[in-house]
Amino acid sequence: MPKPFTATGKKNLIGANLIALRKKYHLSQRVLAHELQLAGYDIDKNVITRIETQQRYVTDIEIKALCDLFNVSFEDLIK
């Protein structure tokens, strides 16, 4: 069964919001990946890049990690 994607062909809803959150907290993709790794998540810079460019699906674990790190709700992350 094929994986779902948005009407525009994007694979996630959080890409633009993730960019905005990173910029708000003055984090590079590399630093964000490092912070997530320190928190115990296996997320590297390439994963961040592919999420932000909406070329990658995001798991529930990754969404939780990002919500926890930025202290935002799921609803705020997918707006």
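Let's start with α2: the cover over its buried residues includes α1, α3 and α4. Keep in mind that this is a predicted model.

Which residues of α2 are buried? They are Q29, L32, A33 and L36. These residues span an arc of only 100° around the axis, so they sit on the same side of α2. There's a handy rule behind that kind of pattern: an α-helix has 3.6 residues a turn, so residues three or four places apart point the same way. Turn to the face of α2 directed away from the buried side, and you'll find the exposed residues R30 and L38. Just past the end of α2, G40 adopts a positive phi of about 100°.

Is Q29 buried or exposed? Its relative accessible area is 16%, and the cut-off for buried is under 20%, so Q29 counts as buried. Leaving aside residues up to four places away in sequence, Q29 touches R22, K45, I48, T49 and E52. With one of these, E52, there's a polar contact between the two side chains, at 2.6 Å.

That brings us to α3, which covers residues 45-52 and has V47, I48, I51 and E52 buried. Looking down the axis of α3, you'd see its buried residues within an arc of 130°, so they line one face of the helix. Those buried residues pack against α1 (15-24), α2 and α4 (60-70). What caps the N-terminal end of α3? That's D44, which places a side-chain oxygen 3.1 Å from the backbone nitrogen of N46.

Next up is the loop between α3 and α4, where T53 is found. Q55 has its place in that loop between α3 and α4 too. The side chain of T53 has a polar atom 2.9 Å from the backbone oxygen of T49. As for Q55, it touches K11 and R50, again not counting residues up to four places away in sequence.

| Pair | Separation in sequence | C-alpha to C-alpha distance |
|---|---|---|
| T53 and I19 | 34 residues | 9.3 Å |
| Q55 and G9 | 46 residues | 9.0 Å |

Finally, the empty space. Rolling a probe the size of a water molecule over the atoms shows where such space is left. The largest pocket holds about 190 Å³. How many residues line the largest pocket, and which of them lie nearest its centre? The lining has 13 residues, and those nearest the centre are K11, N12, L13, Y57 and V58. By type, the lining of the largest pocket splits into nine nonpolar, two polar and two charged residues.

Technical notes:
Residues numbered from 1 in each chain as written. Predicted model: local features only at pLDDT ≥ 70, side-chain atom pairs only at ≥ 80, totals over all residues. Heavy atoms only, no water. Buried < 20%, exposed > 50% of the residue type's maximum accessible area, 1.4 Å probe, protein only. Polar contact = N/O pair within 3.5 Å; in protein donor to acceptor, adjacent residues only side chain to side chain. Contact = heavy atoms within 4.5 Å. 1 Å grid on protein atoms, 1.4 Å probe; cavity = no way out; pocket = protein on both sides within 12 Å on 5 of 7 lines; lining within 4 Å. Points joined across faces, edges and corners; volume = space filled by probe spheres on them. Nonpolar A, V, L, I, M, F, W, Y, C, P; charged D, E, K, R; others polar. Helix = DSSP H or I, 4+ residues; strand = E, 2+ residues; numbered from the N terminus. Arc of directions from axis to C-beta.
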